[in-house]
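Please keep the sequence and the 3D view at hand while reading.

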Amino acid sequence: DEILALDVNRTNNAQLMADCNTLGYLTEPVVDATYNAGRFWRQLPPPALRYDIDPQWDANVADFRHLPIADATVGCVILDPPYKLNGTSSGKGAAALDNGYGVGGKYTAIPDLHQMIADGIAEAGRVLRVGGYLLLKCQTQQSCGRLNDQPGTFAAQAVANGTWKDVDRLHVITTPRKQPRTQRTARSNFSTLVVLQRKRRPA
């Protein structure tokens, strides 16, 4: 097998996209379906980039759950939704972090947050061609003393309907809290890109 030069110690989304390109996941045309202020593309110019969405869910801005794109016309969808569990961050920079995820100043219950992301996955499946890739950014987090395995949850839900193949996981190292609160599980210091491939169209 060919040995690919991947950055296993990647610390930002630009390195993440470069590795996805090396692995052949950025099949054109690419739809960047969520707001990230261009951070994904600082190292690699986006191939045939079609879309980039503001986080404020304004009526004049598209929603990643309702893309103005025809069925089965896209090669890759990148979905970086507001997966951060509200109320888990505190201290300097917390408000800016929330705003970056499009959830600043509001609380979203975990079931509602997960439903929004599930709807985004379904919409990505609608616009993707068979064989196309969904690159879903999320993270394992702790909430109320319980481990919330978002990568595993979303991948399992997608595969369960028979239209997706679970292909890969890529991680981005994040900075853990210097003084963590009481914890009952090991704290993850990375976010995860779940790579799913469209196997077939829904029956």
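Two strands are said to pair if DSSP finds at least two bridges between them, and helices (H or I, at least four residues) and strands (E, at least two) are DSSP runs, numbered from the N terminus. The model is predicted, so local features need pLDDT of at least 70 and side-chain atom pairs count only at pLDDT 80 or more, while totals for chains, interfaces and linings use all residues. Residues are numbered from 1 along each chain as its sequence is written, and side-chain values use heavy atoms, with hydrogens and water left out.

**Strands**

The protein has four helices and seven strands, which follow one another along the sequence in the pattern α-β-β-α-α-β-β-β-α-β-β.

| Strands | Bridges | Direction | Residues opposite each other |
|---|---|---|---|
| β1 (residues 30–32) and β2 | three | parallel | D32 and I78 |

In the protein as a whole, buried residues make up 44% of the 203 residues.

**Nonpolar cores**

A nonpolar core is a set of buried Ala, Val, Leu, Ile, Met, Phe, Trp, Tyr and Cys residues joined through side-chain atoms within 4.5 Å. The largest one holds 24 residues, of which V74, V77, I121, L134, L136, W164 and L196 touch the most other members. Two or more residues come from each of β2 (74–79), α3 (110–127), β3 (128–138), α4 (150–160) and β7 (190–198), and α3 gives the most, with six. Apart from this core lies another, of 17 residues, including V30, F40, Y133 and L193.

When residues up to four places away in sequence are not counted, L136 is in contact (heavy atoms within 4.5 Å) with L79, P81, I117, I121, F154, T192, L193 and V194.

**Helix α4**

Which residues of α4 are buried? They are Q150, P151, F154, A155 and A158, and, seen down the axis of α4, they fall within an arc of 120° (taken from the directions from the helix axis to the C-beta atoms), so they line one face of the helix. At the N-terminal end, D149 caps α4, with a side-chain oxygen 3.1 Å from the backbone nitrogen of G152. Just after α4, G162 takes a positive phi of about 80°.

Key
Buried < 20%, exposed > 50% of the residue type's maximum accessible area, 1.4 Å probe, protein only. Polar contact = N/O pair within 3.5 Å; in protein donor to acceptor, adjacent residues only side chain to side chain.
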